[in-house]
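Please look through the sequence and the fold below before reading on. The paragraphs that follow take the structure one part at a time.

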Amino acid sequence: MVTIQETELKDRGISAVRTAQKLGRPILISEVHKMDRIDPLSFFNRGRERYLGERFYWKDPSEEVVLIGIGISKQIQSDQATDRFFHVEEEWRTFLKESIIFNPYNENGLGPVMFGGFSFDPLKAKTSLWTKYADSLFHVPKYMITIVKGQTYLTTNIVCTPNDDYTLFEKVINERTQLLTSLKQETDMKPAKLLEMKEISPLQWKQTVDDVVEDLKTGSLKKVVLARELRLLFDHHVRADVILENLYNQQRDSFIFVFESNGDCFIGATPERLVKKQGKNVFSTCLAGSIRRGKNEEEDHLLGQTLLNDQKNLNEHGFVVEMIKEALEESCEEIILPDKPQLMKIRDIQHLYTPVIGKCQKDASLLLLVERLHPTPALGGLPKQEAVEKIRQVEELDRGFYAAPLGWVDYRGNGEFSVSIRSGLIQGKEASLFAGCGVVANSDSESEYLETSLKFRPMLRALGGN
């Protein structure tokens with residue numbers, strides 16, 4: 001499967017320990033090796049026995065990049081609300097200083113990556129729902145399978161302290177060998193049976209929509225996105241492995257993600273990219289305005305045309321396009337933007353979609369772009385700050401990582417973040433699903449309620465509901 005010279009790891013490790021002793025702090029040693037093809041779901045499943053609660057999975061819609069991490073060699077976390085994007089970036093940069101990175105495969109091998117995200121609003125009052133996730137939380141995995149453009153790589157990340165010796169590397173070698181030689185697709189993954197669904201305060205949510213509509217008619221706010229929760233109860237513990245496989249089979253054209261933390265699991269299949277950075281190239285997505293899919297090709301086409309000509313949805317979409325354009329203009333020398341939106345069709349929903357491409361300036365980091373773009377009007381509203389404050393005031397839901405930036409950054413500063421919608425939080429025998437909609441001055445609460453019900457469907461189906 002893969003030939004790894006174990007003596008090279010030990011030699012690099014001893015060098016890393018000496019550096020750690022000299023500097024008086026931990027040092028990262030990271031190795032990338034090319035491998036034969038590995039089934040990514042099998043690798044994720046294999047980590048369950050030893051690393052439950054310490055796994056992540058990421059797949060972009062084209063499957064150009066697939067990441068599966070198991071174990072945690074370094075955790076970057078903070079509940080600090082002020083300058084949180086800057087502080088995460090600084091800690092990542094500091095962690096990488098003096099690191100020993102063996103990656104002969106250039107950008108394809110990726111090398112060490114931190115994976116994670118940020119809460120939607122760190123100033124929102126916390127509930128018990130998201131206690132396992134800090135407002136800023138990233139994991140650097142012990143072992144990571146990277147599949148880039150069809151090529152498979154294994155990255156091993158070891159953090160060496162001044163007190164370590166060669167026995168640390170012998171342990172890693174044994175652990176890694178055991179992991180790679182025991183890969184298999186599990187066949188006994190019995191899905192948990194859905195027993196009950198509880199809508200959380202639906203009447204109160206509709207009343208909140210009505211109240212916000214009245215505010216929009218008289219104030220400076222143009223749009224506020226309101227979200228709600230659906231709580232599911234099962235007969236036994238829900239396995240992320242099973243739900244991930246369902247999402248892969250049902251929502252393959254989406255960003256699919258899993259992010260475990262302390263036993264809880266945030267999982268979803270989102271159609272929306274927030275931002276991708278590859279060298280100087282920046283890519284973003286304007287996604288706002290939605291309608292259901294048709295039962296046949298003719299109805300589907302008619303619904304799509306209805307959406308393309310619906311002024312409410314076009315206005316909503318225009319807000320997003322303008323905001324993303326303005327946010328990127330601060331960091332980009334050039335922006336390429338189509339004149340009109342097109343349709344993005346996924347399994348249950350059609351969206352208005354406008355891709356954005358930019359050439360960023362040298363000092364524009366990925367997390368700086370994330371900070372400027374979050375939240376887009378599709379998830380927060382307009383004006384941005386005022387809308388977030390309104391959500392904080394009237395929304396019962398603690399969004400946590402829902403509708404927030406989730407993704408990865410490599411050691412070169414490249415990476416990608418999605419907007420984590422169409423998602424759910426698995427907690428033992430229970431799960432919460434989240435969905436939101438854009439409220440404007442002519443919104444109808446019943447229509448918005450039905451729209452959120454439609455947006456629950458991808459995750460509900462993956463969890464065994466209708």
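**A walk through the predicted model**

At 0% relative accessibility, F118 counts as buried, because buried here means under 20%. The model is predicted, and every value below is computed from it. F85 is also buried, with a relative accessible area of 6%. The rings of F85 and F118 have centres 4.3 Å apart and planes at 45 degrees, so the pair is tilted; the tilted class lies between stacked, under 30 degrees, and edge-to-face, over 60. F85 belongs to helix α4 (residues 84–96) and F118 to strand β6 (residues 113–118), so that the pair links distant parts of the chain, 33 residues apart.

How many aromatic pairs are there in the count? The count comes to 20 aromatic pairs.

The charged end of K206 sits over the ring of Y449, 4.2 Å from the ring centre. In the case of K276, the charged end sits over the ring of F283, and the distance to the centre is 5.8 Å.

Is strand β22 (residues 423–427) enclosed or open? Five of its five residues are buried, so β22 is largely enclosed by the rest of the structure. In a regular strand the side chains alternate between the two faces of the sheet. For β22, the residues on one side are S423, L425 and Q427, those on the other are G424 and I426, and all are buried, which leaves both faces covered.

Strand β13 (residues 264–270) pairs with β22 in the antiparallel sense over four bridges, and I267 stands opposite G424 of β22. Strand β23 (residues 430–439) pairs with β22 as well, again in the antiparallel sense, over five bridges.

Strand β1 (residues 27–35) is mostly covered, with eight of its nine residues buried. With strand β9 (residues 151–160), β1 pairs in the antiparallel sense over nine bridges; the bridge partner of I27 in β9 is C160. With strand β5 (residues 100–102), β1 pairs in the parallel sense over three bridges, and S30 stands opposite I101 of β5.

A helix can also have a buried side. In helix α10 (residues 366–373), the residues L366, L367, L369, V370 and L373 are buried. Seen down the axis of α10, the buried residues fall within an arc of 155 degrees, so they line one face of the helix.

The nonpolar cores come next. The largest nonpolar core has 79 residues, and L67 and M114 have the most contacts inside it. Helix α9 (residues 311–329) gives the largest share of this core, six residues. Apart from this core lies another, of 52 residues, among them V17, I70, V172 and A462. M114 touches residues including V88, W92, L367 and W408, when residues up to four places away in sequence are not counted. L367 is also one of the buried residues of α10.

Some details of the backbone remain. A cis peptide bond joins H374 and P375, with omega about -15 degrees, and P375 is in the loop between α10 and β19 (381–382). The peptide bond from L382 to P383 is cis too, with omega near -15 degrees; P383 lies in the loop between β19 and α11 (384–394).

N262 is not a glycine, yet it has a positive phi of about 55 degrees. N262 is found in the loop between β12 (255–261) and β13 and counts as exposed, at 56% relative accessibility. A403 is likewise not a glycine and has a positive phi of about 65 degrees. A403 lies in the loop between α11 and β20 (405–410), but at 2% relative accessibility A403 counts as buried.

How values were computed
Residues are numbered from 1 along each chain as its sequence is written. This is a predicted model: local features need pLDDT of at least 70, side-chain atom pairs count only at pLDDT 80 or more; totals for chains, interfaces and linings use all residues. Side-chain values use heavy atoms; hydrogens and water are left out. Rings of Phe, Tyr and Trp (its six-membered ring) pair if their centres lie within 6.5 Å; planes under 30 degrees apart count as stacked, over 60 as edge-to-face and the rest as tilted. Helices (H or I, at least four residues) and strands (E, at least two) are DSSP runs, numbered from the N terminus. Buried means under 20% relative accessible area, exposed over 50%, partly exposed in between (1.4 Å probe, protein chains only). A charge sits over a ring if NZ of Lys or CZ of Arg is within 6 Å of the ring centre and within 35 degrees of the ring normal. Two strands pair if DSSP finds at least two bridges between them. The arc is that of the directions from the helix axis to the C-beta atoms. A nonpolar core is a set of buried Ala, Val, Leu, Ile, Met, Phe, Trp, Tyr and Cys residues joined through side-chain atoms within 4.5 Å. Contact means heavy atoms within 4.5 Å.
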